[in-house]
Amino acid sequence: MALSHRLELRQGQSLVMTPQLLQAIKLLQLSHFELMAHVEAELETNPLLERADDGPDETFDAEDRRPDARADEGPQNAPDEPADWAASETTMEREAIEADFGTTFDNVFQDDAPIRSVEGPGTGDQLPITSSLWSGVSGGGGFDDIDAGFEATLTEEVTLHSHLNAQLDLATTDPVSLLIGRFIIDAIDENGYLTESLEAITERLGLDIARIELVLKRIHGFDPSGVGARNLAECLSIQLMERDRFDPAMQSLVANLALVARRDIAALRRVCGVNDEDIADMLAEIRRLDPKPGRAFGHAPLQPLVPDVFVRAAPDGSWLIDLNSETLPRVLVNQSYHAKVSRHTRSEADKAYLADCLQNATWLQRSLEQRAKTILKVASEIVRQQDSFFAYGAEHLRPLNLKTIADAIGLHESTVSRVTSNKAIGTSRGVFPMKYFFSAAIAGVPGGESHSAEAVRHRIKQMIDQETSNDVLSDDAIVQKLRDSGIDIARRTVAKYRESLRIPSSVERRRRNQDAYSQ
């Protein structure tokens, strides 16, 4: 087979992902908080961008508000302008203000007046009124403390790690022990548990595991009690030892926490070798312990679920869909500032930088507008598909997937998936993530329509909430009730939905009701 060279002409189509297109795709899937952070970063780096809600200044325009707007203009006064223009203007303003208020500046601003004095009590001496004298009379720090700023009154929230490090500094002065202790503290999560094994810590530090265990044992004595434990049993054991309640019977109880979770009193009585009264006292002691000792300290704040779209009923029975303006940052391109800077730009590098800033600013503005339109379009179709939910509740959710929405509005499934990620809809029934309205279909009885998995899960929860202590529903009983209502579902599916709702089994619920009745 001979090798040869030849020229061929081929025609084809391909999608080129430009940086602007990648930015538009990225903006679609950002949440409200992530979008705000992204826009803030763009505002800091792009001099042509400004917020739309920043109104024009009463004295200066948008160009004059920039610190470098007049840097290249030289002296601010025109050649024919008098040198005392600012002084005369200030004098005119001062006279106008004094005429309006019927007083003088000397009568208002005491700092410009000479220091007054008062007579001392019974002595006739003249005492100057100074800040130190005022501080002594008022008992405070004087007027100077008032201007300290709001930040001076703020306090830093104590975290679990800072609390443990402070105790470690008091517990030892050995540099190696401090190093080991800080490494262990850094591996403790917000619940107070050690998330890294001692073997991994030993391998990283290259020290003897016996010394690491010694430092860990010292940390176990820190506040809060039970911190640094590697599992729940060790956490409870540490707290019980501090209370002097870790006797052999309690050790057997802590070693069999699975029986405690199942409330198997007979097995616990047999393992611990005690009677029913002692078991009840031991279980009451366990309930008084804290299984998550670190949760009392500050942790990362939870981000609230802010609705991107509001849905409300119209007088004619339809639904009105509005975008939440608070989640839509608006930016403007300062064209006047761009034109002014362009006139003074000489180098090619500066011209390229300015053109790139203008292009990025314009594209960001268009991307934000397109993002808002796409969210509104997807939300409107979701409301149209799930109108029964908004009218009657979760029981009337319909099966829905991304393809149905994409085909209805002419978008790709991946675009719909990005739009519905990290977005929420505010309704009269609460705030729901957009993903909540997409649910798999569960077949109905022969000849019947399919049902939404979320609606079936809601029915299961309602059945269990309405059960009585004498009539606890088993999974088989729930299956039969659902089939009677036209839902064909398997028992294992009911168990899976029940566990996803964090509802215990019928045996555990019946035992819990018996314990509550006996108490």
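This is a predicted model: local features need pLDDT of at least 70, side-chain atom pairs count only at pLDDT 80 or more; totals for chains, interfaces and linings use all residues.

Biologist: What makes S7 and S8 paired strands?

Modeller: Two strands pair if at least two bridges are found between them. S7 and strand S8 (residues 430-433) have four bridges, in the antiparallel sense, and therefore they meet the criterion. A hairpin of two residues joins S7 to S8.

Biologist: How do you know that strand S4 (residues 309-313) and S7 pair as well?

Modeller: The cut-off is at least two bridges. S4 and S7 have two bridges, in the parallel sense, so they also count as a pair. Within this part of the sheet, phenylalanine 310 stands opposite glycine 426 in S7.

Biologist: Why are S5 and S8 said to stand at the edges of the sheet?

Modeller: The open sheet has four strands in the order S5-S4-S7-S8, with mixed pairing. Strand S5 (319-323) and S8 each have a single partner strand, so one side of each is left without a neighbour in the sheet. From one strand to the next, the twist averages 25 degrees.

Biologist: Which helix lies across S4, S5 and S7?

Modeller: That helix is H15, which runs at about 155 degrees to S5. Helix H15 (348-385) is also what the buried residues of H14 pack against.

Biologist: How do you know that the buried residues of H14 line one face of the helix?

Modeller: In helix H14 (residues 335-344), the residues Tyr337, His338 and Lys340 are buried. Viewed down the axis of H14, the buried residues fall within an arc of 165 degrees, so they line one face.

Biologist: What puts the buried residues of H12 on the same side of that helix?

Modeller: In H12, the residues Ala267, Leu268 and Cys272 are buried. Around the axis they cover an arc of only 120 degrees, and therefore they are on the same side of H12. Their cover includes helix H10 (248-254), H11 and helix H13 (276-287). Glycine 273, which follows H12, has a positive phi near 70 degrees.

Biologist: Why is arginine 263 called partly exposed?

Modeller: Buried means under 20% relative accessible area and exposed means over 50%. Arginine 263 has a relative accessible area of 31%, which is in between, so it is called partly exposed. Arginine 263 lies in the loop between helix H11 (257-261) and helix H12 (265-272).

Biologist: Why does asparagine 422 count as partly exposed?

Modeller: The limit for exposed is over 50%. Asparagine 422 has 49% relative accessibility, so it counts as partly exposed. Asparagine 422 is found in the loop between helix H18 (413-420) and strand S7 (424-427).

Biologist: What makes the phi values of arginine 263 and asparagine 422 worth a remark?

Modeller: Most residues other than glycine have a negative phi. Arginine 263 has a positive phi near 55 degrees and is not a glycine. Asparagine 422, also not a glycine, has a positive phi of about 60 degrees.

Biologist: Why is the peptide bond from aspartate 223 to proline 224 called cis?

Modeller: The omega of that bond is near 0 degrees, and the bond is described as cis. Most peptide bonds are trans. Proline 224 has its place in the loop between helix H8 (209-219) and helix H9 (232-242).

Terms used:
Residues are numbered from 1 along each chain as its sequence is written. Side-chain values use heavy atoms; hydrogens and water are left out. Buried means under 20% relative accessible area, exposed over 50%, partly exposed in between (1.4 Å probe, protein chains only). The arc is that of the directions from the helix axis to the C-beta atoms. Contact means heavy atoms within 4.5 Å. Axes are lines fitted to C-alpha atoms, for helices over the stretch in contact, and angles run from 0 to 180 degrees between N-to-C directions.
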